Amino acid sequence: MPRQLEIESSWGDVTLDFTQAVTSDATLRIDLDMRGGTLRLVTRPGVVVDTDSLAVDYAKVKARPAGDAGAPVVLRVEIAGRMQYGRIVVRPPRRTPFRTSPTP
């Protein structure tokens, strides 16, 4: 995984899945220039998202913890730049419904 990502989007959705990310660096910087749409970050325990350097205009940031609060930090994602008229959602992966195996 790179140390830095640049995301530019107008009226579209972007999803980044960090559930199986392998990195040699402890920090990933995302430079964001987004107008409209949703930036979705799917995380796992140990992935921390920091939006303190993000300028938000008519946008919403919603972050849910990815599980174990005591997990060691394996990746820090720093989001900087600007988000206008959209939203940022940080969430754990969705659970799959209970499946039964087919009976013979």
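Hi everyone. Two strands pair if DSSP finds at least two bridges between them, and strands here are DSSP runs of E of at least two residues, numbered from the N terminus. With that in hand, let's look at S6 and strand S8, residues 87-91: they pair in the parallel sense over four bridges. One of the contacts to find on your screen is Lys-60, whose bridge partner in S8 is Arg-87.

A quick word on the source: this is a predicted model, where local features need pLDDT of at least 70, side-chain atom pairs count only at pLDDT 80 or more, and totals for chains, interfaces and linings use all residues. Residues are numbered from 1 along each chain as its sequence is written, and side-chain values use heavy atoms, with hydrogens and water left out.

Now the wider view. The chain has eight strands and zero helices. S6 and S8 sit in an open sheet of four strands, ordered S2-S4-S8-S6 with parallel pairing. Its edge strands, S2 (14-17) and S6 (60-63), each pair on one side only.

So where is Tyr-58? You'll find Tyr-58 in the loop between strand S5 (47-57) and S6. Is Tyr-58 buried or exposed? Tyr-58 has a relative accessible area of 71%, so it is exposed (over 50%; buried is under 20%, partly exposed in between, with a 1.4 Å probe and protein chains only). By that cut-off, 32% of the chain's 104 residues count as buried.

Finally, contacts, meaning heavy atoms within 4.5 Å: of those in the chain with a separation of 6 or more, 85% join residues 24 or more positions apart. Thanks, everyone!
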